[in-house]
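Good morning, colleagues. Please look at the model on the screen, and I shall take you through selected parts of its architecture.

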Amino acid sequence: MEIVRHPRYVDESKCIACGACYEKCPKKIPDTYNQGLAKRKAIYVEYAQAVPLKYRIDPDTCIYLQKKKCGACKKLCPTGAIDFDMKEKIDTLNVGSVVLAPGFKPFDPSGFDTYNYANLPNVMTATEFERILSASGPTTGHLIRMSDHKEPKKIAWLQCVGSRDINRCDNPACSSVCCMYAIKEAVIAKEHSGDDLDCAIFYMDMRTMGKEFERFYENAKKKGVRFIRCRVHSIVPVGDTGDMELRYVTDDGQVTTEIFEQVVLSVGLQTPPELVALADRLGISLTKGNFCKTDPFEPVATSREGVYVCGAFQGPKDIPQSVIDAGAAASAAGEFLSPARNTLTRVPEIVPETNVINERPRVGVFVCRCGVNIAGVVDVPAVAEYARTLPYVEFVADNLYSCSQDTQDIMAQTIREQNLNRVVVAACTPKTHEPLFQETLIAAGLNKYLFEMANIRNQDSWVHKNNPELATEKAMDLVRMAVSKAALIQPLKETALNVNQAALVIGGGVSGMNAARSLSRQGYVTHIVEKSDTLGGQARNLHTLPSGDKVADRLEKLAAQIEADEKITVHLNTTLAGVEGFVGNFKTTLAGNGGEQVLEHGVAVIATGGQEYKPAEYRYGEDPRILTSLELDRKLMDNDPAIESARSAVFIQCVGSREPERPYCSRICCTHSVHNSIELKRANPDMNVFILYRDVRTYGEKEYLYREARELGVIFVRFDLEHKPEVRKDGDRLIVRVIDHVLGIPMDIETDILTLASAILPNREEKLARFFKVPLNEDGFFVEKHAKLGPSEFATDGVFLCGLAHYPKPIDESIAQARAAASRAITLLAREKIHTSGQVAEINPSWCSQCGTCVSLCPYSAPTFRSPEERFWPGKAEINPALCKGCGLCVASCRSGAIHLKGFDNDQIFAQIFSMNEAG
Amino acid sequence: MGLEPGRLHFSWISSAESTKFARVAQEVTEAVKALGPNRHFLKEKAKVA
Amino acid sequence: MREYTDKIRQIARRLLEEGKVDRVIGFKKGSMPMMNEPCVIRRPQDADQLIWDGNCGINLANYLTGAKDKVGVVAKGCDSRNIVTHIIENKLDRDNVVVIGVPCQAMIDKRKIAAAVDGEISEVTETDDGKVVVRGNGFEKTFDRAETLQDNCAICVHRNPVICDEPVADPVPEQTDVDRYADIRAIDAMSDAERKAFFDDMFAECIRCYACRNACPLCYCPTCFVDESRPQWVGKGQDENDIRTFHFLRAYHCAGRCTDCGACERACPVGIKMRVLTRKLEKDCKELYGWEAGMSVDQRPPLDAYKPNDPDAFIK
């Protein structure tokens, strides 16, 4: 494939991101990252965390590129990185698969003249408001409005701007994320401006269907955020006050107006025209909402083989879901490319390590000028001279750019020639440069931990520009501290652990099978443990998907693939009796079929699923016409005559969900009921179908179903938690009474089928949680490593998570997460060996009092107790270096002072502190 | 213990919040400067005759 | 009290006879008035040495640390909570301990009585109607028992054992109308200078004997931080800062674990009221985490665990 590389006009290999160019660039333009709310220069880095951290020139605004004048950056750049002659380049890449992650564009509300976005400075989009709330934003997080820079006291959010709207724009889908981000912004705004800030969110349906979202919504209500169910028509300015009047209808039907000082438009997610064109060039199909078309059983595969998709281009979605998709797409691409794995890898040369133990410290100090970045402020030669006087220092040099390749080579040579056994670099930040210097140590035959950095740039020359003398003094202090620590540092060992190449998947449902299939397709032996006597899990109870697919057919195909797969062993009627070991080296005892068997595996995927709540309410169980959603599916599958003969059907939503005792949304029930209502209407167009709901949560492109159902004549009646429907029997008649929210009067509906959209319950796998040392949340679902960044894995290494065990979700999302879990697992398996960090905690057993605080506190389950039968130090705690992340929590918590963090030991830190004190 | 509460501060500052870091550092510095040098809980260096 | 003694002896004898325990730890009469001694009974026939009265304040959980055999132990409310803490902290196996639970009627403070009479005390008896009769050479004085209580007992709200295998009597009513933290609030309200002066005064007498540490069932580290030399967290001399550091660090190590059994103050030879430190932390744990130490073997102290809803108002 060919990719177009736009010119950056800055040579990436030369730019050291010193910022000299930015300082001098005379051209100020609106900062795109800050949504135009602030200014930046024509030469810029998009935002502080950009990777790679290299500058770029905006050719549309650069004075030189436009008028051949200026060129200040070129004159100033200390490394000569500026290249105005750079041209557009076309790179041809030979790739086996492509992953599309082009994202979305926030909807531009300028076209809605009733919202006056283009005219009123105090009407903002939510993405702009996001920057206002950000500490790194244009107001440094200070909440002010644009017209007069006053702190607003009343803010309104208008939902569904550019979403769920085919009248004023052509975006029929729900954008999925706006309800949650609006609530988040309201809560943060209140945090910034104090509790008396009035926040009102105007919405149609509150769609907080993600994990922990409903709780956040409820907490926001408690914090005083107002939620008003009304779509506001227009925003009217109030004279020249900068305030705005909103007219809306209250819950009891009263038309009212209210004045706000700031209005935020919760703009939706849409695919920009250039992406539609890209899709066309690539030959992939889009949905009617211009999102990438995928199959529910292949949620990340585009219509073209080998081309995969993830993120908001696949459909409007939030970060957790996008990250899950990303994992799934990586897995899909990996499966596709499996035969080619490791065909392009090279093995690095290994330099033997010199033993420095028991040698007197010989510290080499390299002071960096960083061009003018450091040397322009700090007297670098003076600092170098000073370093020479410090104890154990044998060699000092100052470099123009320590990080340049030639300096690195010289450093390695110097270390050898001078026989140095500790290295201090006084330069920039270890965050970006420590690994580079450590590579140099390794190349010179030194253990990479015999290294210490003093940050005399970011923490000195940059912040004390106006006090060069004091900055020089501070640089000396920093160097002295680093040297005093360096003299005490010891070489650390990185233990290598073999990763057993087999995987265990617990649960044989759709998630488990997909995870196993992905693992197997990428070449790994996989075991599925299923407690029942058949594969398929909850999906066996489902009839059809909104896509029209018969679940049973797809499931059968999948199960057949699993059974035919030589790399996959299925253990039916089997449960786990015990788990020993840790990442890479688990030993799991399987119990079932009359015996026990020990399985060794390197990773585990928990896909234990969930179950349907059996309602205790709405007279469930008292009448055969009262069904759960799955029971209705069963009747549809069986072509039950009761369906065809029914004249009327009622669905009641949120049965057992969003209740005080189960304060989460089960995510799928709205779509499930809406889909089944369509099925019923299709089977019998004369049937009266009612859906009694609290909020219709047909998020994303599921919104089309909601529209279709309404078009087919399904009647939606809203109720609230305080006035739930009542079910009664009058002789043979089954009657549902619900208070009509428009009229406010009770309405009786006689029905032949009453479907209760009952909650999805977790299986509350407490035993499994204990076995793998992974947590369950209050509701009983497993807790992932990080809601956004690690949704398919646990904080405990080597254990992964997918499907309903994580949170209720539909089949396509379960499959995506299963493949994401497999993908994450493969990042471990593929390494074959894992190297632990040398900077891990270690317990001195003779000081350990066995109190168990570290065992309880560690988020990674690294400390455990030795067996009481062990010959040495029985019962004392020990830390598994393979699991330890070196966070130091246990070190701080240990009353007995038995735990030390290698590389940050007490004596080293004290040496630094005490040598700082010498400054006087 | 008699140490002024103003000598101890806690703050969450993410790696992206450079301005907040600078602000907090300044606030803490000013708060501590306002208190003046610490007189309590200070171990005198052993006086050698 | 006689009934308690009889019942304790009876239980101890039975446990030893039946082989349910290898030993029973309880109290025997001391050689001085108001100075009952802990004792270990290994044979059923020795069970009659055991006694119970208002002078059994020593926390016997201290003798259970690291026990590997089967032990019966006489335990008041506070002792039982320390036994729970021991179980949580792997100092004791629940299956190895038989708790002979004593619903506690509060302990007598021997110092208060000694201070209230002149001359050497030869005999102290408690009457059934709540009096304490003190006799000595040429004097006899009667006190209301309620006036002679240890400070910690006077404000105790958990007199009944939290875990109990062999109850000695029916539970006693718990005190509900006590204010455990009046003095702590007063210290909190002091100015920095006043508070410094308060602690200067409080620690002036400390001789660094570590009796408070040794009496405390929570202090069982193989090497105590005061004895560490690399790094030396706290100087070993009589410097006021070192004394202060020792006391507040010791209190912090007890945060969320201290049951206010009073062992530290009882052991202090110079009468330092160091419970204000442990109770300040007890108050914080209660207010911040709703936590009281040693009430359940299933939950670790708040400083050993992280919960997303832990309060963080102190973080700005």
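In strand 4 of chain C, which residue is the bridge partner of C:V71? The partner is C:V97. Before I go further, please note that this is a predicted model.

That pair belongs to strand 3 of chain C, residues 71-75, and strand 4 of chain C, residues 97-101, which pair in the parallel sense over 5 bridges. Two helices deserve mention here. Helix 2 of chain C, residues 77-88, packs on the sheet and touches strand 3 and strand 4 of chain C. The direction of helix 2 makes about 160° with that of strand 4. Helix 1 of chain C, residues 2-17, lies across strand 1, strand 2, strand 3, strand 4 and strand 8 of chain C. Relative to strand 1 of chain C, residues 23-28, helix 1 runs at about 160°.

The sheet itself is open, with 5 strands in the order 2-1-3-4-8 in chain C and mixed pairing. Strand 2 (37-41) and strand 8 (166-167) of chain C each have a single partner strand, so one side of each is left without a neighbour in the sheet.

Let me turn to the domains of chain C. Domain 1 covers 2-106 + 159-167, domain 2 covers 111-145, and domain 3 covers 182-304. Between the C-alpha centres of domain 2 and domain 3 of chain C the distance is 32 Å.

Next, a helix pair in chain C. Helix 8, residues 240-253, and helix 10, residues 275-289, have axes that come within 9 Å and cross at roughly 40°. The two helices of chain C are therefore oblique to each other, and helix 8 of chain C passes helix 10 of chain C in a right-handed crossing. On the helix 8 side, C:H247, C:F248, C:A251 and C:Y252 meet C:L277, C:T278 and C:L281 of helix 10. The residues of this contact divide into 5 nonpolar, 2 polar and no charged.

Chain A also has an open sheet of 5 strands, in the order 26-25-24-30-41, with parallel pairing. Its edge strands are strand 26 (568-571) and strand 41 (799-801) of chain A. Neighbouring strands of this sheet are turned by 20° against each other on average, direction ignored. Strand 25 of chain A, residues 526-529, is joined to strand 26 of chain A by 4 bridges, and A:H527 stands opposite A:T569.

Finally, how many residues of chain C are in contact with chain A? There are 15, in contact with 15 residues of chain A. On the chain C side, they divide into 7 nonpolar, 3 polar and 5 charged.

Definitions and conventions
Residues numbered from 1 in each chain as written. Chains lettered and ligands numbered in written order. Predicted model: local features only at pLDDT ≥ 70, side-chain atom pairs only at ≥ 80, totals over all residues. Domains from an automatic or database assignment. Contact = placed C-beta atoms within 7 Å. Nonpolar A, V, L, I, M, F, W, Y, C, P; charged D, E, K, R; others polar. Pairing = 2+ DSSP bridges. Axes fitted to C-alpha atoms, helices over the stretch in contact; angles between N-to-C directions. Parallel < 35°, antiparallel > 145°, perpendicular 65-115°, else oblique. Left-handed = near helix turned anticlockwise from the far one by under 90°.
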